[in-house]
Amino acid sequence: MIKLIVTDMDGTLLNKNEELHEDFFEIFNKLKEKNILFAVASGRQRKNLEIKFREIKDDLIMLFENGSCGSLKGKTLYKSQLDKALVHKFIEIGRKNSYNMLLCTENMTYIENVNEEFITELKKYYDDITFVNDLKEINKPIVKFTIFDPNGAKENTFKIYNELFADKVKISVSTVKWLHIINKEVSKGFGVQALQNHFDISPEETMVFGDGLNDLEMIQSAKYSYAMENAVDELKSEAKFIAPSNDKNGVLEVIKDKLLCK
């Protein structure tokens, strides 16, 4: 019996226009009636998720900043902080290469350079944004370091940071142009396991959905693991099942078929 569903957002629950399907809230409420917990796991900021799901934000579990933080009913379940000295090294490399960088705390995103393409993309995923002259002056706990790479993160920034820091932190790519750096032990899968432990739910009682490489550990944390039809091949090879694409409402179609039609 499924007791927990966790889904990625972009390329998974949302369509190519970053929209929720019109049936989502009805299905969410049906799951709630069956006492099935529902969580979203995203590289997005908590504020962004709270706005996206304003109607149900008090009942929705949120794993945000790529699993670095988790919250329920506005209260933090856990938080993972990056080492400050390492963050400063990330910044130095970013400045040398004129990268579009952001530092993410639990509740705010900080940037120090501005260009139109960067800001347009940034606002898709982050709502609370503060411009500063020097990212190194941020003294609050940093939970994620991110770069927007319009030339493709996997082919460019990933190679640079992975060569230098792969033994110290977890480095991943999402939606082609975004590079995320978090603590090595942290992932969306780490967040799923935190929820399983918190609610006493087993992997055999968990269903997950994803499409990107940053969903890999999440896919490995559940018996009922679904890669979207539009997912990267590496994720499809790890998942136990394939769901219809995000533009075919794959997440909700699987939920309706497997959990709500009985």
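The answer below starts with the sheet and then turns to its surroundings.

A: This is a predicted model. Start with the strand order. The open sheet has eight strands, arranged β5-β4-β3-β2-β1-β12-β13-β14, and its pairing is mixed. Two strands sit at the edges, β5 and β14 (241-243), and each of them pairs on one side only. Neighbouring strands in this sheet are turned against each other by 20° on average, with direction ignored.

Now take the β5 end. Strand β4 covers residues 69-72 and strand β5 covers residues 75-79. They run antiparallel and are joined by four bridges. The hairpin of β4 and β5 has two residues between the strands. In this hairpin, lysine 73 takes a positive phi near 55°.

Further along the order, the direction of pairing can be checked again. Strand β12 (residues 206-210) and strand β13 (residues 224-228) run parallel. Four bridges join β12 to β13. Here glycine 210 stands opposite alanine 227 in β13.

Next, a helix on the sheet. Helix α7, residues 188-199, lies across β1 (4-8), β2 (37-41), β3 (61-64), β4, β5 and β12. Its angle to β3 is about 150°.

Then the nonpolar packing. In soluble globular proteins, nonpolar side chains tend to be buried together. The largest nonpolar core in this model has 61 residues. Those with the most contacts inside this core are Ile5, Phe24, Phe53, Phe209 and Ile255. Phenylalanine 24 gives a local view. Leaving out residues up to four places away in sequence, phenylalanine 24 touches Leu13, Phe38, Phe53, Ile56 and Leu252. Another core, of 25 residues, lies apart from the largest one. Among its members are Leu86, Val132, Ile147 and Val173.

Threonine 146 is found in strand β9, residues 144-148. Its relative accessible area is 0%, so threonine 146 counts as buried, the limit being under 20%. The side chain of threonine 146 also makes a polar contact, at 3.0 Å, with the side chain of histidine 180. Beyond its neighbours within four places in sequence, threonine 146 is in contact with Asn100, Met101, Leu102, Cys104, Tyr126, Trp178, Leu179 and His180.

Notes:
Residues numbered from 1 in each chain as written. Predicted model: local features only at pLDDT ≥ 70, side-chain atom pairs only at ≥ 80, totals over all residues. Heavy atoms only, no water. Core = buried A, V, L, I, M, F, W, Y, C linked by side-chain atoms within 4.5 Å. Buried < 20%, exposed > 50% of the residue type's maximum accessible area, 1.4 Å probe, protein only. Contact = heavy atoms within 4.5 Å. Pairing = 2+ DSSP bridges. Polar contact = N/O pair within 3.5 Å; in protein donor to acceptor, adjacent residues only side chain to side chain. Axes fitted to C-alpha atoms, helices over the stretch in contact; angles between N-to-C directions.
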